[in-house]
Amino acid sequence: MKCYELQGPSGIDGLALVDKPVPEPGEGEVLVRLKAATLNYRDLLTVKGGYGSRQKFPLVPVSDGAGVVERVGPGVQEFAAGDRVIGSFFESWISGEPSEAKMRTNLGGAVDGVLSEYRIFPKHALVRTPEHLSDVEAAALPCAGLTAWSAVVKLGGVRPGQTVLTQGTGGVSLFALQFAKMCGARVIATSSSDAKIERLKQLRADFTLNYKATPDWGKKAREWSGHGVDLVVEGGGVGTLNESIGASRIGGTIAFIGVLAGPPPSNSRLPLMVMQQQRLQGVTVGSVEDLKAMADAISVNRMKPVIDRTFSFDQVKQAFTHMESGAHFGKVAIAIG
Ligand SMILES: NC(=O)c1ccc[n+]([C@@H]2O[C@H](COP(=O)([O-])OP(=O)(O)OC[C@H]3O[C@@H](n4cnc5c(N)ncnc54)[C@H](OP(=O)(O)O)[C@@H]3O)[C@@H](O)[C@H]2O)c1
């Protein structure tokens, strides 16, 4: 089988296509023929050495994949050859609260990922693909989809009539917009590009802001919402936190997920969170149980992930370069095989 491997944090050019034997599933394991993968910002960071000495090498990168069961090992009754499946971001976080042990097995980081024609999954780390989704669309779910689901639905508890703010037009943010609309919320969505803002409107964003043209977008979002937004999906991280605090209502929540905007400004508004009794909620993807719940909600609502562009398996480097450029709107995908 062919798979991509990184020998070290050598950047996109260090991604090497190698040949390996197809592995045999053991007790409780499932061999999946991967059909598609999608990229997350984290995968780019991994390839570029963003995780420093914590990163294991050699590594098959990329966490998010979907495919078809090729064969199952002894003791597997839950799946059979031909079933369409998606793999969980964390193999050992099956349900309940996260823990160090449960989060140790993240794909494309601590353990090998999905840029491979075949991969073995423990049976408990697989979820059935929603029928209306293609393999490429399904491959968007494990990290980007589930992070947005956790931020908006599970931990955010968004209710009809509330207001949610999303930042930029990357994979997580567009899922967050879609889930917020699914919950009956109003969405304020930002982007650095007016062309992308037009596309945000097509996704039913109620109010849009260009965060480059309007650096005080937090104030504008607060004004538009009335008393401030109920939930901010904080993709920018500490670099955008000041504006997010400004946008949030008293008692509002900031779901802290990302690092896109770089270092914090010197005039931090963090102390304001005390006076406004706001909640900062860290989010780290989610469990297999959460992935199942999200897949069910996606099925019922016939929701379709936003795929920007699909590259072929021999164009993996181009796919990473495209993501690095920031030109994408939604998910950058790779068709495998
Ligand atoms: N905590 C978790 O479990 C978890 C899981 C997944 C991802 N993340 C994090 O979430 C963030 C988003 O990941 P992703 O995979 O969705 O990334 P992505 O698809 O690469 O998103 C890139 C987009 O983000 C927007 N952006 C960049 N800088 C921004 C800024 N300063 N303010 C607002 N938007 C900005 C841009 O949108 P425009 O072009 O429209 O401006 C850019 O195109 C990353 O920091 C990632 O590490 C965390």
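Buried means under 20% relative accessible area, exposed means over 50%, and partly exposed lies in between, with a 1.4 Å probe and protein chains only. The views below come from a predicted model, in which local features need pLDDT of at least 70, side-chain atom pairs count only at pLDDT 80 or more, and totals for chains, interfaces and linings use all residues. Residues are numbered from 1 along each chain as its sequence is written, and side-chain values use heavy atoms, with hydrogens and water left out.

**View 1. Ring pairs link F89, F90 and W93 into a cluster.** A pair of aromatic rings is described by the distance of the centres and the angle of the planes. Rings of Phe, Tyr and Trp (its six-membered ring) pair if their centres lie within 6.5 Å; planes under 30 degrees apart are stacked, over 60 edge-to-face, and the rest tilted. The count by this rule is 6 aromatic pairs. F90 and W93 form a tilted pair, because their centres are 5.7 Å apart and their planes stand at 50°. F90 is buried at 3% relative accessible area. W93 is buried too, at 5%.

**View 2. W149 and F179 form an edge-to-face pair.** The ring centres lie 5.3 Å apart, with the planes at 75°. Helices (H or I, at least four residues) and strands (E, at least two) are DSSP runs, numbered from the N terminus. W149 belongs to helix α3 (residues 141–154) and F179 to helix α4 (residues 171–182), so the pair ties together parts 30 residues apart in sequence. Both W149 and F179 are buried.

**View 3. Helix α3 packs against helix α4 at about 45°.** The axes are 8 Å apart. Axes are lines fitted to C-alpha atoms, for helices over the stretch in contact; angles run from 0 to 180 degrees between N-to-C directions. The angle makes α3 oblique to α4. Under 35 degrees counts as roughly parallel, over 145 as roughly antiparallel, 65 to 115 as roughly perpendicular, and the rest as oblique. Contact (heavy atoms within 4.5 Å) involves residues including L141, A144, W149 and V153 of α3, and G171, F175, F179 and A180 of α4. The crossing of α3 and α4 is right-handed. A crossing is right-handed if the near helix is turned clockwise from the far one by less than a right angle, and left-handed if anticlockwise.

**View 4. Helix α3 also meets helix α9.** Their axes come within 10 Å and cross at roughly 85°. This makes α3 roughly perpendicular to α9. Among the contact residues are L141, P142, L146 and W149 of α3, with D290, L291, M294 and I298 of α9.

**View 5. The charged end of R119 sits over the ring of F121.** It lies 4.6 Å from the ring centre. The criterion is NZ of Lys or CZ of Arg within 6 Å of the ring centre and within 35 degrees of the ring normal.

**View 6. The peptide bond from F57 to P58 is cis.** Omega is near -5°. P58 sits in the loop between α1 (41–47) and β4 (64–72).

**View 7. Q277 and V285 have positive phi values.** Phi is near 40° at Q277, a residue other than glycine. Q277 lies in the loop between α8 (270–275) and β13 (279–282). Q277 is exposed, at 65% relative accessibility. V285, also not a glycine, has phi near 50°. V285 lies in the loop between β13 and α9 (288–300). V285 is buried, with a relative accessible area of 7%.
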